[in-house]
Amino acid sequence: MTATTAPPDRRPWIVGVSGASGTPYAAAVLRALLHAGESVDLIVSRAARLTILDETGHPFRDGHAQQDLRRWLARAADGTPDAFDPDVSAVRHWPAGDLAAGPSSGSYPVKGMLIVPASTACVAGVALGLSKDLLQRTASVTLKERRPLVVAVRETPLNGQTLRHLVTLDEAGAVVLPASPAFYAGATTIAHLVDFVAGRALDAAGVPHKLYRRWEGELADPARRPDDRPS
């Protein structure tokens, strides 16, 4: 493989979107990363394209990635269109079938990777080192380079084989983060639940955000919400 380089002043976070249900989680993570001023490299698996179409009613196409991404990120978790006005100029999209893409090489400078949501098939592929597409290959590179890898698995119930794969990822240095919303942060809408999971994924990556109210050791008004969520 020919090593691929990137401009020295750009070190993106890689966001991988697999075919599991939960594309609003991915959208919330992407919006928050951009709101934090981060650059993003995006990999959407072939299965994820079908999930995006099913969950949003809109396609995600390699040839129209910027346009489709903007429309996807503008959509609220409850399905409201044009709820956000995202600037996606800091996002670089890589087709999942491009195994010669920049993120396939350890010499490509990145901060780390988040897989949101992660299907059990994706979890198995990364745990076993299959690298069947760019998403899995990039996750393997992230592990071998000892960079942060957050795997937001979205499935229930979990069988023994998947649990063993998750233990393998944990032992390899990844953060296994089940997409499990909490209610102590004052959740009253779908968006609040989605933002909690997205916020915990960003916590694991060390990216600052204000997506949910943090526990501070005392009861607070459950309706209190951050007033500067990403737009």
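# Questions on rings, spaces and backbone

Me: The structure holds four aromatic pairs. What kind of model is it, and which residues count for local features?

Reply: This is a predicted model, in which local features need pLDDT of at least 70 and side-chain atom pairs count only at pLDDT 80 or more, while totals for chains, interfaces and linings use all residues. Residues are numbered from 1 along each chain as its sequence is written, and side-chain values use heavy atoms, with hydrogens and water left out.

Me: Why is the pair of Trp94 and Tyr108 called edge-to-face?

Reply: Rings of Phe, Tyr and Trp (for Trp, the six-membered ring) pair if their centres lie within 6.5 Å; planes under 30 degrees apart are stacked, over 60 edge-to-face, and the rest tilted. Trp94 and Tyr108 have 6.1 Å between centres and 85 degrees between planes. The distance is within 6.5 Å and the angle is over 60 degrees, so the pair is edge-to-face.

Me: What makes this pair a tie between parts of the chain?

Reply: Trp94 belongs to strand β3 (residues 91–95), and Tyr108 to the loop between β3 and β4 (112–118), so the two tied parts are 14 residues apart in sequence. Helices (H or I, at least four residues) and strands (E, at least two) are DSSP runs, numbered from the N terminus.

Me: Are Trp94 and Tyr108 buried or exposed?

Reply: Buried means under 20% relative accessible area, exposed over 50%, and partly exposed in between (1.4 Å probe, protein chains only). Trp94 has 8% and Tyr108 has 1%. Both values are under 20%, so both residues are buried.

Me: What makes Tyr184 and Phe196 an aromatic pair?

Reply: Their ring centres are 5.6 Å apart and their planes stand at 85 degrees, which gives another edge-to-face pair. Tyr184 is in the loop between β6 (175–176) and α7 (190–205) and Phe196 is in helix α7, so this pair ties parts twelve residues apart in sequence. With a relative accessible area of 40%, Tyr184 is partly exposed, whereas Phe196, at 5%, is buried. Ring pairs also link Tyr184 and Phe196 with Tyr212 into a cluster.

Me: How do you know that Arg31 lies over the face of Phe84?

Reply: A charge sits over a ring if NZ of Lys or CZ of Arg is within 6 Å of the ring centre and within 35 degrees of the ring normal. Arg31 is placed over the face of Phe84, at 3.9 Å from the ring centre.

Me: Which residues line the largest cavity?

Reply: The lining consists of Thr23, Pro24, Ala27, Arg31, Thr56, Trp72, Arg75, Ala76 and Ala77. Helix α1 (residues 23–35) gives the most, with four residues. The space in this cavity is about 60 Å³.

Me: What makes a space a cavity, and what makes it a pocket?

Reply: On a 1 Å grid over the protein atoms alone, a cavity is a set of points where a 1.4 Å probe fits but cannot get out; a pocket is an open set with protein on both sides within 12 Å along at least five of seven lines, and lining residues have an atom within 4 Å of a point. Grid points are joined across faces, edges and corners, and a volume is the space filled by probe spheres set on the points. The whole structure has three cavities of 30 Å³ or more. The largest pocket has a volume of about 180 Å³. Its lining has 13 residues, and those closest to its centre are Ser45, Ala47, Lys132, Asp133 and Gln136. Helices α2 (46–56), α4 (120–128) and α5 (134–144) each give two or more residues to that lining.

Me: How do you know that His209 makes a polar contact with Arg214?

Reply: A polar contact is a pair of N or O atoms within 3.5 Å; within protein, one must be able to donate a hydrogen and the other to accept it, and residues adjacent in sequence count only if both atoms are side-chain atoms. The side chains of His209 and Arg214 are in contact at 3.2 Å, so the distance is within 3.5 Å. The side chain of His209 also has a polar atom 3.0 Å from the backbone nitrogen of Leu211. His209 is in the segment after α7 and is buried, at 14%.

Me: What is the phi of Arg146, and where is this residue?

Reply: Arg146 is not a glycine, yet its phi is positive, at about 60 degrees. It is in the loop between α5 and β5 and is exposed, with a relative accessible area of 69%. Most residues other than glycine have a negative phi, and most peptide bonds are trans. The bond from Val116 to Pro117 is cis, with omega near -10 degrees.
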